[in-house]
Amino acid sequence: MHRVRFFILPILFFGAISTNTLLTSLGYVLPSKLDENRQLASMPKYSGSIETFIRQLDSFVSDNFAFRKPLVEAYNSLLYRVFNSTFNNKVIIGRDGWIFGADFDTQHSLAPRTLSDEYKRNVRISLIERRDWLAERGINLVIMFMPSKLSIYGPNYLPSALRFSKEQATESEQVYDFLSRDSGIQFIPVKKAILEKSSAIQTYYPTDGHANHQGTFAAFNSLIYQLRLNFPNEAPSEYPPSELKDDYLEPTSYGRLMGVPFKDLSWVSVPLAGYRQRERLAPQFAELAPVGVRARYLTNDQAPFVKTVLIGDSFTNRLAAYIGEVFRETDVFNLNNVAPTPELKFPIEYLDKVRPKFLIMTWVESRLVECLRPCQDAFPVENPAAVRQARLRRLFLEFSVSKSDWQGPRNGAVLAELRNPGQEAIKVRVNGRSDVLKGEMTEIVIPAMDKAYLFLDTDSKGNITPPIIEGNSSIKPLQESVLIPLSAL
């Protein structure tokens, strides 16, 4: 009996190795719910270097042997459930099954962070540029910043060694306060709505970074309330009577990072009479949509004839299900996989053709970050040149000395922007046309490290004296110009 026990372990080990080798050679992988959130190595092809081929083959076998996924899943689950730990430094394991992201948007510190006035001013300018360009086309801009999971559940479920300040305004609240003064932008206070909802029902997934269906529904209801309040004659309908139904998210984002097959429960508000929206064929201008966009086109014959375009990141995936129930037509653009260029992130050609009543733009709050290093898709967003022109055109009309006598094109190009990056003030003398500056020599003083704008009439005849610039500056040659006060910028 002792000799039998002596051979059991080697026999089991040899059997396991042999079975794994046989199954791997046949290409069979044991089933598992594990999603490793990466591309596994593929079978290499010999390219003339035996050393390279052997390294690639080793990677392939390591990633694809038959027992790999069940073993990795078992190991990671043991590490989390027994030792409350993980090897992934991009997550924080909180209390009571809650997990949070640990990247903190390149800042290496817990949010919220106090945003500088200069940063908030630049955010304001970038959004007003979009508002003005859209307003020229009869489109209303609506802004939604989805609050971070930390700002809703961090105070209750972060580890005791970490603290999230409930007293300090989050980044989106700081921007909301700054924008709401005079920007004229429909800015939806999403965090307030989700906080109120979270006192009655869970609004974020415990092991994922996104709001669940009820958090999204709270944001949606806040949006619809604002639109119906401010646009009573063109507002969408109310969401139909509904009931809650179970819905599961699997795999979750943090589960993929940790290598643990989490499954989070949520509850969807399903209309009692069934969904009224349906997918429709892509419109004729669909080819103008950004390359890489994940687009959906919805229609609802029972909703008021109001067209909207919803643009954003992964938050749009759940929000679209509710938006489609209250608008006649909804175009949904998820820009997560779109290259970070101004023309693609704000698709002006498509919007110019479609011209919806509302453009709803959504971002996660983590976009509002003063990066310590360049970070993709962070605010303030950069707009295409044509969009920047719209704000300058509006300022030109508002501050022209004789707007009633202005004969130039109201939608003409604004060709110059004066910047002063130096340490000393500069002076600009402009000889203006009689109906703009009354024919007087005008001296403009631009403070150091600041900027003002000089505007051109696109119908200039070339007989006006160009400005004389004294000091360090960056400016294109000008002929006719109007000064916009710095306070208006």
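**View 1. A nonpolar surface patch that includes Tyr46.** In this predicted model, Tyr46, Ile50 and Ile54 make a nonpolar surface patch of about 340 Å². Patches consist of residues with over 30% relative accessible area and no salt bridge, with like charges joined within 9 Å and nonpolar side chains (Val, Leu, Ile, Met, Phe, Trp, Tyr) joined within 5 Å; accessible areas come from the Shrake-Rupley method with a 1.4 Å probe, and for residues only the protein chains shown count as cover. Tyrosine 46 is found in the loop between α1 (2-25) and α2 (50-64), where helices (H or I, at least four residues) and strands (E, at least two) are DSSP runs numbered from the N terminus. With a relative accessible area of 53%, tyrosine 46 is exposed, the classes being buried under 20% relative accessible area, exposed over 50% and partly exposed in between (1.4 Å probe, protein chains only). Residues are numbered from 1 along each chain as its sequence is written. Because the model is predicted, local features need pLDDT of at least 70 and side-chain atom pairs count only at pLDDT 80 or more, while totals for chains, interfaces and linings use all residues; side-chain values use heavy atoms, with hydrogens and water left out.

View 2. Seven strands form an open, mixed sheet in the order β4-β3-β11-β9-β10-β8-β7, two strands being paired if DSSP finds at least two bridges between them. Its edge strands, each pairing on one side only, are β4 (186-188) and β7 (278-279). Helix α8 (residues 213-230) packs on the sheet and touches β3 (140-146), β4 and β11 (358-364), contact meaning heavy atoms within 4.5 Å. The direction of α8 makes about 155 degrees with that of β3; axes are lines fitted to C-alpha atoms, for helices over the stretch in contact, and angles run from 0 to 180 degrees between N-to-C directions.

**View 3. Strand β11 and its parallel partners.** Six of the seven residues of β11 are buried, so this strand is largely enclosed by the rest of the structure. Seven bridges join β11 to β3 in parallel, and phenylalanine 145 stands opposite tryptophan 363 in β11. The pairing of β9 with β11 is also parallel, over four bridges, with isoleucine 311 opposite methionine 361 in β11.

**View 4. Selected salt bridges.** A search of the whole structure finds 15 salt bridges, each a side-chain nitrogen of Lys or Arg within 4 Å of a carboxyl oxygen of Asp or Glu. Aspartate 132 and arginine 131 meet in one of them (2.8 Å, N to O), and both residues are buried. Glutamate 173 and lysine 191 form another (3.3 Å, N to O); glutamate 173 lies in helix α6 (residues 171-179) and lysine 191 in helix α7 (residues 190-198), so the pair ties together parts that are 18 residues apart in sequence. Glutamate 173 is partly exposed at 31% relative accessibility, whereas lysine 191 is buried, with a relative accessible area of 10%.

View 5. The closest N and O atoms of glutamate 329 and arginine 280 are 3.9 Å apart in their salt bridge. This pair links distant parts of the chain, 49 residues apart, with glutamate 329 in strand β10 and arginine 280 in the loop between β7 and β8 (294-299). Glutamate 329 is partly exposed, with a relative accessible area of 22%.
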